[in-house]
Amino acid sequence: MYSAVTRNIEVQVRPFYMEDRSEPSENRYVWGYQITIDNQSEEFVQLMSRYWRITDGTGRVEEVSGAGVVGDQPELNPGDSYQYTSGCPLSTPPGIMVGHYTMRNKQGETFDIAIPAFSLDLPGTRRTVN
């Protein structure tokens, strides 16, 4: 489990290898990741957009951004949590993902919260991510 806290909003990530969707002989490796966003702050926030920086084992970088997550722009009152699961295909077995969510509070202020860097490794080969 990987975790980061920004402005008392915690983002936890649990990555997992999806062997049933992967085809190593065709250089296709698929990971899923479960994200939990826990609003430990004293303010209402809404997740407006996401940004991901995905690096594969060869150093190739892909940047992904867009509105919300999995078709949703969740609203979180103080004490609320939101959880979703998504996935990422790579052409190499190791990879690293990192990013941020852009949030908005009731006053209309927008700010970014960190998504911790996490490794996408085949089972039994986990690396340390800085």
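In the hairpin of S1 and S2, which leaves 2 residues between the strands, Arg-7 takes a positive phi near 50 degrees. Strands here are DSSP runs (E, at least two residues) numbered from the N terminus. The model is a predicted one, in which local features need pLDDT of at least 70 and side-chain atom pairs count only at pLDDT 80 or more, while totals for chains, interfaces and linings use all residues. Residues are numbered from 1 along each chain as its sequence is written, and side-chain values use heavy atoms, with hydrogens and water left out.

Tyr-2 sits opposite Val-13 in S2. Buried stands for under 20% relative accessible area, exposed for over 50%, and partly exposed for anything in between (1.4 Å probe, protein chains only).

S1 and S2 belong to an open sheet of 4 strands, with the order S1-S2-S3-S7 and antiparallel pairing. Its edges are strand S1 (2-6) and strand S7 (81-90), each of which pairs on one side only. Neighbouring strands in the sheet are turned by 20 degrees against each other on average, direction ignored; the axes are lines fitted to C-alpha atoms, with angles running from 0 to 180 degrees between N-to-C directions. Between S2 (residues 9-17) and S3 (residues 29-39), which run antiparallel, there are 9 bridges, and Gln-12 stands opposite Thr-36 in S3.

The structure has 3 of them. Arg-7 forms one with Glu-43, the closest N and O atoms being 3.2 Å apart. Since Glu-43 lies in the loop between S3 and strand S4 (45-56), the pair ties together parts that are 36 residues apart in sequence. Arg-7 also meets Glu-109 (3.0 Å, N to O). Glu-109 lies in the loop between strand S8 (95-105) and strand S9 (110-120), so this pair links parts 102 residues apart in sequence. Arg-7, Glu-43 and Glu-109 are thus linked in a network of salt bridges. Arg-7 is partly exposed at 37% relative accessibility, as are Glu-43 at 21% and Glu-109 at 36%.

Technical notes: Pairing = 2+ DSSP bridges. Salt bridge = Lys/Arg side-chain N within 4 Å of Asp/Glu carboxyl O.
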